[in-house]
Amino acid sequence: MSDIPESGGPEEQTRCGIIAVVGAPNAGKSTLVNRLTGSKVSIVSPKPQTTRFRIRAVVMHKGAQLVLADTPGIFSPRRRLDRAMVAAAWESTQDADLALLVVDARAGLTEALQSIVSVLKRSKVPVWLVLNKTDLIDTKRLLPLTAALNEQLSFAETLMISAETGDGLERMLDMLASHVPQGPYLFPEDDLSDLPDRMLAAEIVREQILRQTHEEVPHHATVETEQWEERRDGSVRIDCTIYVGRASQKAILIGDKGAKIKEIGRRARTELEALLERRVHLFLNVKERSGWDEERARIRAIGLEDIG
Ligand SMILES: Nc1nc2c(ncn2[C@@H]2O[C@H](COP(=O)(O)OP(=O)(O)OP(=O)(O)O)[C@@H](O)[C@H]2O)c(=O)[nH]1
Ligand SMILES: [Mg+2]
């Protein structure tokens with residue numbers, strides 16, 4: 001054995017940092033986190049307010065551990081549920097080493113974005129500006145937007161990306177890996193996310209609700225995994241309850257002769273089978289429960305703290 005230390009020895013310092021991914025609803029935060037991890041850790045939909053609680057994902061890049069915290073989009077909260085979502089987003093920013101402000105470049109400087117910037121201005125966490133969805137607009141339009149935003153907050157870095165096509169993401173990972181502080185890894189290297197399987201199942205069902213229903217239904221539905229039963233043949237039986245606020249929403253969700261709920265279940269099951277790498281028997285039960293979004297128990301069930 002030689003005395004020369006091999007790479008990876010104690011003298012080789014590791015890097016690790018917590019990166020909060022924040023922004024207005026629908027900016028593409030979850031798409032970005034999924035793309036950076038190369039897997040699906042957070043659900044995505046064309047509708048705003050898709051993400052309801054913080055999800056941590058771990059990315060290993062060039063010896064650095066990047067702990068990405070996907071957060072709910074920040075907007076003016078009304079319901080108890082919404083207040084808890086927005087609080088979760090801000091809280092994640094406070095314990096991060098760095099915050100990425102993800103902006104839908106096509107939407108530009110909206111009122112929602114404006115108010116987020118004014119709060120970020122007062123925080124001590126360094127912020128990088130991430131202009132997303134650059135595949136949708138002419139690059140010429142990015143410069144005035146960058147200038148307008150940088151006038152209000154001096155961002156440490158400005159990046160232009162497309163979370164959808166992957167444009168600019170390799171460079172972003174390189175920059176993040178060299179920016180995060182030296183220190184030991186916070187999570188095992190093969191950890192992907194902190195989302196328990198029961199929550200994952202509920203989220204995948206909710207994603208299909210978001211994708212397959214419209215208007216008031218998606219935001220007045222919540223999903224909880226009631227039962228998780230391992231079968232001897234290696235498959236799993238998962239029972240989820242979907243709560244909606246009104247009888248009319250329940251009717252829409254179930255659909256004509258149960259067609260809608262069947263399709264939601266079919267797609268969610270297919271996706272879960274791929275993610276869990278096993279056969280899944282998925283049972284969905286729709287319950288009408290008016291005012292669930294003001295109920296402490298429901299809010300806690302989806303992993304949010306009740307903030308009153
Ligand atoms: N064309 C294009 N679409 C994108 C891009 N990034 C995200 N999207 C789309 O934008 C929509 C919203 O994406 P999400 O990732 O759910 O947005 P989010 O910021 O997590 O939204 P909330 O969880 O509601 O706060 C989805 O339809 C995505 O497919 C992008 O770079 N280009
Ligand atoms: Mg999201």
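Visitor: Is Q49 buried, partly exposed or exposed?

Guide: This is a predicted model. Q49 is found in the loop between helix 1 (29-37) and strand 2 (55-61). A residue is buried if 20 or more other C-beta atoms lie within 10 Å of its own, and exposed if 12 or fewer do. Because Q49 has 18 other C-beta atoms within 10 Å, Q49 is partly exposed.

Visitor: What is the phi value of Q49?

Guide: Q49 is a residue other than glycine, and its phi is positive. The value is near 65°.

Visitor: Is K133, which has a positive phi of about 65°, buried or exposed?

Guide: K133 is not a glycine, although its phi is positive. Its place is in the loop between strand 5 (127-132) and helix 4 (142-152). There are 22 C-beta neighbours inside 10 Å, so K133 counts as buried.

Visitor: Which element gives the largest share of the shell around ligand 1?

Guide: The shell around ligand 1 holds 24 residues, and the closest are G28, S30, T51, G73 and E164. By type, the shell divides into 8 nonpolar, 12 polar and 4 charged residues. The largest share, 3 residues, comes from helix 1.

Visitor: Over residues 213-290, how far apart are the end C-alpha atoms?

Guide: An unreviewed UniProt entry annotates residues 213-290 as "domain: KH type-2". Over these residues the chain is 38% helix and 36% strand. The end C-alpha atoms are apart by 19 Å.

Visitor: Is Y243 buried or exposed?

Guide: Y243 has its place in strand 8 (residues 236-244). Leaving aside residues up to four places away in sequence, Y243 touches A221, T222, K287, R289, W292 and R298. Since 22 C-beta neighbours lie inside 10 Å, Y243 counts as buried.

Visitor: How far apart in space are Y243 and A112?

Guide: In sequence, Y243 and A112 are 131 residues apart. In space, taken from C-alpha to C-alpha, the separation is 29 Å.

Visitor: What radius of gyration does the protein have?

Guide: The C-alpha trace spans about 65 × 60 × 40 Å along its principal axes. For 308 residues, a compact globule would have a radius of gyration near 19 Å. The value for the protein agrees with this, and it is 21 Å.

Visitor: What share of contacts between residues at least 6 apart in sequence joins residues at least 24 apart?

Guide: The protein has 10 helices and 9 strands, and buried residues make up 39% of its 308 residues. Among the contacts between residues at least 6 apart in sequence, the share that joins residues at least 24 apart is 70%.

Technical notes: Residues numbered from 1 in each chain as written. Chains lettered and ligands numbered in written order. Predicted model: local features only at pLDDT ≥ 70, side-chain atom pairs only at ≥ 80, totals over all residues. Helix = DSSP H or I, 4+ residues; strand = E, 2+ residues; numbered from the N terminus. UniProt positions renumbered as here; feature names shortened; annotations may be inferred. Near = placed C-beta within 6 Å. Nonpolar A, V, L, I, M, F, W, Y, C, P; charged D, E, K, R; others polar. Rg over C-alpha atoms; globule rule 2.2 N^0.38 Å. Contact = placed C-beta atoms within 7 Å.
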